[in-house]
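Have the view open as you read.

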Amino acid sequence: MFKNKTNSGRNNICGEKISQLRKQQHPRMSQRALADKLQLLGIDVDKNAIQRIESGQRFVTDLELVALAKIFGITCDDLIAHYRF
């Protein structure tokens, strides 16, 4: 049977890592600041979308994944590497 959620019921596998990376920034980056950075890259999201991504309530598109990796200076693999099927 097809499943599009993680074993824990999350809609993405990168949200927790995004939250961790955002909070590790110095000074600490707010959800609004991350949304602003994404908007500068042409990704139309707001603070609420970041909150839903981090909590696993929202899917992440491939375009968003690439932009997030660029913002944090890492690869897309780094954002999803911790997940095991």
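This is a predicted model: local features need pLDDT of at least 70, side-chain atom pairs count only at pLDDT 80 or more; totals for chains, interfaces and linings use all residues.

## The inward side of α1

Start with helix α1, residues 15–24: its buried residues are G15, I18, S19, L21 and R22. They sit on the same side of α1, because the arc they cover around the axis is only 165°.

## Three salt bridges

The salt-bridge count comes to 3. One of them pairs R22 with E54, and the closest N and O atoms there are 2.6 Å apart. Since R22 lies in helix α1 and E54 in helix α3, this pair ties together parts that are 32 residues apart in sequence. R22 and E54 are both buried.

Another salt bridge brings together the side chains of R10 and E16, at 4.0 Å from N to O. Is R10 buried or exposed? R10 has a relative accessible area of 14%, and the cut-off for buried is under 20%, so R10 counts as buried.

## R58 and its surroundings

The salt bridge between E64 and R58 has its closest N and O atoms 2.7 Å apart. The R58 and E64 side chains are also joined by a polar contact of 2.7 Å. Both partners, E64 and R58, are buried.

Where does R58 sit? You'll find R58 in the loop between α3 and α4. Even so, R58 counts as buried, because its relative accessibility is 19% and the limit is under 20%. If you skip the neighbours within four places in sequence, R58 is in contact with N11, N12, V45, A49, R52, I53 and E64.

## Helix α4 and what follows

E64 turns up again in α4, where the buried residues are E64, L65, A67, L68, A69 and F72. Which helices do these buried residues pack against? For the buried residues of α4, the partners are α1, α2 and α5.

Definitions and conventions: Residues are numbered from 1 along each chain as its sequence is written. Side-chain values use heavy atoms; hydrogens and water are left out. Buried means under 20% relative accessible area, exposed over 50%, partly exposed in between (1.4 Å probe, protein chains only). Helices (H or I, at least four residues) and strands (E, at least two) are DSSP runs, numbered from the N terminus. The arc is that of the directions from the helix axis to the C-beta atoms. A polar contact is a pair of N or O atoms within 3.5 Å; within protein, one must be able to donate a hydrogen and the other to accept it, and residues adjacent in sequence count only if both atoms are side-chain atoms. Contact means heavy atoms within 4.5 Å.
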